[in-house]
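Subject: Predicted model, handover and notes

Hello,

Below is the structure I said I would pass on. My notes on it follow, in the order ligand, domains, core and individual residues.

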Amino acid sequence: MAAIAGLQAVEILDSRGDPTLRVTAVLDDGSMGEASVPSGASTGIHEAHELRDGEDQRYRGKGVRQAVVRVEGEILKALKKRKADAQERIDETLRRLDGTEHKERLGANAILGVSLAVARAVAASARLPLYAYLRRLAGKEQEPTYVLPLPLMNVVNGGKHADSGLDIQEFMVLPVGAPSFPEAVRAGSEIFHALGDLVHAAGQSRSVGDEGGYAPRLERNDEVFALLERAVAATGRTVGRDVVFGLDAAASEFHDAKERAYILKAPSVTLTADRLVALYAEWIGKWPVKTIEDPLEQDDWDGWTKATEKLRGLGVQVVGDDFFVTNVERLQRGIDRKCASAILIKVNQIGTLSETLAAIELAQKHRYGVIISHRSGETADTFIADLAVATNAGQIKTGSLSRSERVEKYNRLLAIERELGENARYAGASALSV
Ligand code: PGA
Ligand code: ZN
């Protein structure tokens with residue numbers, strides 16, 4: 001097998017116009033692989049550390065020149081001549097070289113860029129599509145059917161991702177009744193445009209938030225459901241059968257630690273965890289909400305156990321994002337305490353491909369749902385599309401049906417679906433861990 005010959009990094013821009021890294025790995029057989037690193041806005045406090053330069057003037061402190069230096073200096077020195085297909089050993093070396101719990105020293109962005117770029121270079125060297133190589137790494141080569149994920153499409157943006165004034169960060173449509181992945185994408189696109197017509201007719205702007213969903217200014221969070229219902233109906237589809245809804249509350253963002261309460265603006269109310277869960281239950285009673293991510297803040301383990309029991313009892317998937325941060329230790333603790341029924345997987349929350357695959361494996365072993373996810377700050381890189389198919393994750397969250405950095409992931413999945421032909425099966429509703 002080829003060995004690592006070179007690593008280059010470039011400071012590029014993400015979809016918000018902030019700096020991030022693009023890493024190129026070169027192998028001694030001439031194969032190359034490139035990967036760009038995403039970046040969150042509503043980041044969890046337990047996430048791996050993103051190394052930023054912190055200078056006052058340059059890019060408002062967000063430059064990543066130090067991370068570039070780490071990749072081309074220290075990291076290259078440690079990995080040069082190493083067998084490129086030994087992904088676990090490479091990732092272990094990166095972790096050891098860093099030496100900190102949250103990858104503060106080298107930066108999880110520097111580490112992740114290298115980890116993913118090396119995997120791409122090996123796939124190129126082996127002349128395999130990325131998903132096929134990742135499937136091998138995930139130990140799933142023997143599974144005959146490739147699962148194309150149910151997309152959780154974020155068509156209305158709130159929280160930190162838009163100026164809509166909505167507390168709930170993401171309102172999603174899930175085309176559970178579509179007969180195939182391409183038909184699911186079509187449903188999403190048609191609903192997105194129907195929703196745009198409704199937003200426009202209400203005298204609101206059709207401009208979009210960070211993840212490509214509309215950001216109408218509404219007085220109440222629950223007004224969105226009526227809009228979604230009308231948009232779905234306008235496409236000739238049936239709400240509850242063809243399309244269901246999902247939320248990412250990202251509740252840590254509106255949780256006040258001092259008050260020990262959740263402070264909402266639309267409308268203005270202060271709620272305990274129990275009252276917040278009761279509000280979700282009220283919405284679930286009126287609309288087909290089938291998945292809720294981060295319903296409570298990231299450290300309320302007891303609250304999560306209670307909320308999970310209650311929401312699952314109502315037929316809803318409970319997803320841990322900031323709560324699990326793609327971390328096997330937090331996930332195991334959640335499994336032990338019966339917290340959540342699914343995990344959101346973000347490669348940069350943990351910082352290496354191997355640790356990402358380990359989190360997916362642990363979740364699947366315990367029948368937790370797995371949702372491969374983008375970040376609010378993205379690039380054109382489509383790695384997560386291949387990762388979703390490779391691991392039979394069953395669900396993907398990659399934003400709305402606009403903004404190229406979101407749409408590119410759907411486009412990559414459409415191409416994979418075509419390539420796999422008969423070997424591909426659309427997950428549909430079966431993927432939800434309710
Ligand atoms: P982030 O948001 O990328 O800004 O963290 C995405 C999410 O919360 O799912
Ligand atoms: Zn989230």
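Of the 15 residues around ligand 1, the ones that come nearest are Ala41, His161, Arg375, Ser376 and Lys397; a residue is counted as near if one of its heavy atoms lies within 4 Å of the molecule. Before the details, the conventions: this is a predicted model, in which local features need pLDDT of at least 70 and side-chain atom pairs count only at pLDDT 80 or more, while totals for chains, interfaces and linings use all residues. Residues are numbered from 1 along each chain as its sequence is written, chains are lettered from A and ligands numbered from 1 in the order in which they are written, and side-chain values use heavy atoms, with hydrogens and water left out.

Ligand 1

For Ser376, a side-chain N or O atom is 2.6 Å from an oxygen atom of ligand 1, and for Lys397 the corresponding distance is 2.7 Å. Asp321 has a polar side-chain atom 3.1 Å from an oxygen atom of ligand 1. The cut-off for a polar contact is a pair of N or O atoms within 3.5 Å; within protein, one must be able to donate a hydrogen and the other to accept it, and residues adjacent in sequence count only if both atoms are side-chain atoms.

Domains and core

The domain assignment gives domain 1 (4-127) and domain 2 (146-431); such bounds come from an automatic or database assignment. Their C-alpha centres lie 27 Å apart. In the interface, 34 residues of domain 1 are in contact with 30 residues of domain 2, where contact means heavy atoms within 4.5 Å.

The largest nonpolar core has 138 residues, and Tyr280 and Ile372 have the most contacts inside it. Helix H3 (residues 108-125) gives the most to this core, with 11 residues. Both domain 1 (4-127) and domain 2 (146-431) give residues to the core, so it lies between them. A nonpolar core here is a set of buried Ala, Val, Leu, Ile, Met, Phe, Trp, Tyr and Cys residues joined through side-chain atoms within 4.5 Å. Buried means under 20% relative accessible area, exposed over 50% and partly exposed in between, with a 1.4 Å probe and protein chains only. Helices (H or I, at least four residues) and strands (E, at least two) are DSSP runs, numbered from the N terminus.

Leaving out residues up to four places away in sequence, Tyr280 touches Ile168, Ala249, Ala251, Phe254, Ile292, Pro295 and Leu311.

Helix H9

Which residues of helix H9 (residues 328-336) are buried? They are Arg330, Leu331, Gly334 and Ile335. These residues cover an arc of only 140 degrees around the axis, which puts them on the same side of H9; the arc is that of the directions from the helix axis to the C-beta atoms. Glu329 and Asp336, on the other side of H9, are exposed. The cover over the buried residues includes helix H8 (301-313), strand S14 (342-345) and helix H11 (353-365).

At the N-terminal end, Asn327 caps H9, with a side-chain oxygen 2.8 Å from the backbone nitrogen of Glu329. Just after H9, Lys338 takes a positive phi of about 55 degrees.

Arg330 is buried at a relative accessible area of 10%, and its side chain makes a polar contact of 3.2 Å with the side chain of His46. Beyond four places in sequence, the contacts of Arg330 include Gln298, Asp299 and Trp301.

Other buried residues

Ile343 lies in strand S14 and is buried, at 0% relative accessibility. Ile343 and Gly320 are 23 residues apart in sequence, with 5.0 Å between their C-alpha atoms.

Asp381 sits in the loop between strand S15 (369-373) and helix H12 (383-390). Asp381 is buried, with a relative accessible area of 12%, and a polar contact of 3.1 Å joins its side chain to that of Arg120. Other residues in contact with Asp381 include Glu34, Ser36 and Lys409.

Asn348, in helix H10 (residues 347-350), is buried at 8% relative accessibility. Among the residues that Asn348 touches are Pro38, Leu112 and Arg375; Arg375 is also one of the residues that come nearest to ligand 1.

Regards
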